[in-house]
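Me: Could you walk me through this fold, one question at a time? I would like the terms spelled out as we go.

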Amino acid sequence: MVPAIEPQHIHWNRRPRLLHARRQIEKIRDKTPGFTGVISDIGGPTANMYRMACKDPKVEAACRRPSCVFPEICPNLNTSHDDLIRLYRKVRETKGIKKVMVASGVRYDLAVESPEYIKELVTHHVGGYLKIAPEHTERGPLDKIMKPGIGAYNQFKRMFDAAAEQAGKKYYLIPYFIAAHPGTTDEDMMNLALWLKKNRYRADQVQTFLPSPMATATAMYHTGVNPLRGVRRGGSDKVEAIKGLRQRRLHKAFATTIPTIGRCCVKP
Ligand code: SF4
């Protein structure tokens, strides 16, 4: 995988960076034993935030928001995909490179702001499937994960399908979801399960939350409070953590069982 994401505080000229990216690709081409000309993932943790940064360094220095893209995309964020599109093209032009893939990590609420990016992605950088992580359909867990609502995913899917049709390809999105994330109620899982069923998605695209080091969700899981909303003695925002084996299994079962039973239980 070749990460295309860049630290946000670095300011740099376009040409040297594109040349540097090209040299990196040439290095991979020349030094990887048995290299076939296929870059399997030029994405990174977030595939499409290359060179996105705050428009004003002074505002950025004073900013205390935990995210530039949640609860909505900040108007001060430069969301242009132009440099990323230029980068993709430069890499594709490199001698000996046959195919450059983006396998995952597309931040779809940003991608929908650039139909040109979606077209470029679908036409040249998807090989049948693109994994994407809406994580959930309900606001309870989504607010804790700092992800947009499922409407943004639906919009991206429409644009993705249209671009695939235009390119004459049969490509599919594989959405991934999470069960038992802090802040998820039984009803949230039921609603996710019904959405999965209605959209004919498979149950193996649902993973159960496990606390991992250095994650905000882990802090929520262990403390039962939401650090994203500020922590105050006696006044913190409470978050229900799904800890008991029985409830964790129940949340997973909602998502794995309901989508497999008869369509009669799905509202039209
Ligand atoms: S949240 Fe907005 S103001 Fe703050 S650093 Fe991000 S883009 Fe700049």
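Reply: Happy to! Two strands pair if DSSP finds at least two bridges between them. Helices (H or I, at least four residues) and strands (E, at least two) are DSSP runs, numbered from the N terminus. This is a predicted model, in which local features need pLDDT of at least 70 and side-chain atom pairs count only at pLDDT 80 or more, while totals for chains, interfaces and linings use all residues. Residues are numbered from 1 along each chain as its sequence is written.

Me: Thanks! Which residue is the bridge partner of I132 in β4?

Reply: β3 and β4 pair in the parallel sense over 5 bridges. Within this pairing, K131 stands opposite I174 in β4. For I132, the bridge partner in β4 is P175.

Me: And in β5, what is the bridge partner of I178?

Reply: β4 covers residues 172-179 and runs parallel to β5, joined to that strand by 3 bridges. A179 stands opposite T208 in β5. The bridge partner of I178 in β5 is Q207.

Me: What is the strand order of the open sheet?

Reply: The sheet has 3 strands with parallel pairing. β3 (129-135) and β5 (206-208) each have a single partner strand, so one side of each is left without a neighbour in the sheet. On average, neighbouring strands are turned by 30° against each other, direction ignored. The order is β3-β4-β5.

Me: Which helix packs on the sheet, touching β4 and β5?

Reply: Contact here means that the C-beta atoms of two residues, placed from the backbone, lie within 7 Å. Axes are lines fitted to C-alpha atoms, for helices over the stretch in contact, and angles run from 0 to 180 degrees between N-to-C directions. The helix in question spans residues 245-257, and its direction makes about 180° with that of β5. It is α10.

Me: Is F254 buried or exposed?

Reply: A residue is buried if 20 or more other C-beta atoms lie within 10 Å of its own, exposed if 12 or fewer, and partly exposed in between, with C-beta atoms placed from the backbone. F254 sits in helix α10, and leaving aside neighbours within four places in sequence, it is in contact with M189, M190 and A193. The C-alpha atoms of F254 and A193 are separated by 5.8 Å, although the two residues are 61 apart along the chain. Because F254 has 25 C-beta neighbours inside 10 Å, it counts as buried.

Me: How many charged residues are in the shell around the ligand?

Reply: The ligand is surrounded by C54, V59, E60, C63, R65, C68, C74, N76 and L77; a residue is near a molecule if its C-beta atom, placed from the backbone, lies within 6 Å of it. Ala, Val, Leu, Ile, Met, Phe, Trp, Tyr, Cys and Pro count as nonpolar, Asp, Glu, Lys and Arg as charged, and the others, Gly among them, as polar. The shell has 6 nonpolar residues and 1 polar one, and the charged residues number 2.

Me: Where is P71, which has a cis peptide bond from F70?

Reply: The peptide bond from F70 to P71 is cis, with omega near 5°. P71 lies in the loop between α2 (57-62) and α3.

Me: Last one: is R200 buried or exposed?

Reply: R200 is found in the loop between α8 (186-198) and β5. R200 has a positive phi of about 60° although it is not a glycine. Because R200 has 8 other C-beta atoms within 10 Å, it is exposed.
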